[in-house]
Amino acid sequence: MALSDRPVLLTGASGTIGRLLASRLAALGWTLRLTDVVPLPIALPQGATFDVVDLENQGAVNELAKGCGLILHFGGVSTEQSFETVLGPNLRGSFHIYEAARKEKARVAFPSSVHAVGLYERTEILDQDCLLRPDGYYGLSKAYGEMLARLYFDKHAVESVLIRIGSVLPEVPDERILSTWISHDDFVRLIERCAAAEHVDCSVIWGQSDNSRGFWRNDARKKLGWAPLDSSDSQAEHVRGKVTDNPVVERYQGGKFIVVDYSRSDFPPRSMFPEE
Ligand code: 15L
């Protein structure tokens with residue numbers, strides 16, 4: 001029995017990824033409990049409910065999660081912002097989601113991000129167990145989410161799929177995203193496997209299509225029974241030369257988020273690890 005045979009809670013339903021999942025998963029016959037802090041800007045999909053709820057309201061989050069076997073936690077701040085802006089939705093909010101999952105014995109799909117490893121250079125190829133190197137407060141909140149998931153698995157047996165999402169977009173807009181792109185179809189299939197896989201424990205998945213310019217390799221996709229079917233390669237010609245004129249942006253995997261409040265004066269840095 002897949003976890004999608006029971007109601008599935010989707011936070012952040014009004015956001016770009018939330019709307020994609022709401023419509024595609026409802027079309028698959030899932031019973032969705034949608035929520036966001038702002039109204040849903042699309043028609044309510046078949047079989048879904050929608051409630052405006054602030055992730056900081058623990059009681060309301062607990063109510064929403066009642067009877068759910070799977071929580072797709074896409075709510076929270078999704079761009080680089082001040083620490084104070086990220087703190088409530090992403091840190092406290094994710095804590096509330098994990099507490100609710102613990103109560104309901106639910107599995108969580110947690111969208112981590114390229115920004116949890118954004119300060120690796122683009123020449124580096126990362127494995128799933130690499131040291132996290134967040135590129136700002138948003139990336140730091142994703143690193144925290146990954147650790148939260150680890151804690152709740154080790155201590156409370158709450159299973160999670162930690163999806164380090166690159167860029168979920170219909171098409172590749174620039175050269176960087178040739179590496180980080182994941183197609184809508186690959187992404188939806190991945191979420192289906194989060195519900196259908198028998199055991200996921202606390203697994204890391206690199207959220208990218210089969211891009212030959214990808215930065216990442218080795219993850220738990222076998223355990224999940226997922227493999228991307230699409231690739232950014234066919235779009236490479238189309239975006240050739242689409243880069244910024246900022247050397248910091250172009251050096252690192254995280255791209256534009258890094259230059260928000262960047263204050264190193266020794267660029268390029270000799271090493272971010274002094275012992276090297
Ligand atoms: C993310 O994590 C963001 O939520 C999204 O808006 C994109 O900026 C993406 O990363 C990316 O860096 O391409």
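Select Ser113 first: its opposite number in strand 6 is Ile165. Helices and strands here are DSSP runs (H or I, at least four residues, for helices; E, at least two, for strands), numbered from the N terminus. Before you click on, remember that this is a predicted model, where local features need pLDDT of at least 70, side-chain atom pairs count only at pLDDT 80 or more, and totals for chains, interfaces and linings use all residues. Residues are numbered from 1 along each chain as its sequence is written, and side-chain values use heavy atoms, leaving out hydrogens and water.

**Stop 1: strand 5 and its neighbours**

Now colour strands 5 and 6: they pair in the parallel sense over six bridges. (Two strands pair if DSSP finds at least two bridges between them.) To get from strand 5 to strand 6, the chain passes through helix 4, in a right-handed β-α-β crossover. Right-handed means that, with the strands pointing away from you, the path from the first strand over the helix to the second runs clockwise.

Pick Leu70 and you'll find its bridge partner in strand 5, Arg107. Strand 4, helix 3 and strand 5 make another β-α-β unit, and this one is right-handed.

**Stop 2: inside strand 5**

How many of the seven residues of strand 5 are buried? Seven of seven, so to speak: the strand is mostly covered. Buried means under 20% relative accessible area, exposed means over 50%, and partly exposed is in between (1.4 Å probe, protein chains only). In a regular strand, side chains alternate between the two faces of the sheet. Show the side chains here: Arg107, Ala109, Pro111 and Ser113 point one way, while Val108, Phe110 and Ser112 point the other.

Zoom in on Ala109, in strand 5 (residues 107-113). Why does Ala109 count as buried? Because its relative accessibility is 0%. Leaving aside residues up to four places away in sequence, Ala109 touches Leu70, Ile71, Leu72, His73, Val161 and Cys194; contact means heavy atoms within 4.5 Å. Try the distance tool on Ala109 and Ile71: they're 38 residues apart along the chain, yet their C-alpha atoms are separated by 6.3 Å.

**Stop 3: helix 3**

Select residues 83-104, the 22 residues of helix 3. Look for a kink of about 30° centred on Gly93; the bend at a residue is the angle between axes fitted to the seven residues ending there and the seven starting there. The buried residues of this helix include Val86, Leu91, Gly93 and Tyr98. Among the elements covering the buried residues are helix 2 (58-65), strand 5 and helix 4 (137-156).

**Stop 4**

Zoom out. Seven strands form an open sheet in the order 3-2-1-4-5-6-9, with parallel pairing. Its edges are strand 3 (49-52) and strand 9 (202-207), each pairing on one side only. Strand 9 pairs with strand 6 in the parallel sense over six bridges, and in strand 9 Ser203 is the bridge partner of Val161.

Last, show helix 6 (residues 184-196): it lies across strands 4, 5, 6 and 9, at about 165° to strand 6. Such angles run from 0 to 180 degrees between N-to-C directions, with axes as lines fitted to C-alpha atoms, for helices over the stretch in contact.

Key: Expected span 1.5 Å × (residues − 1).
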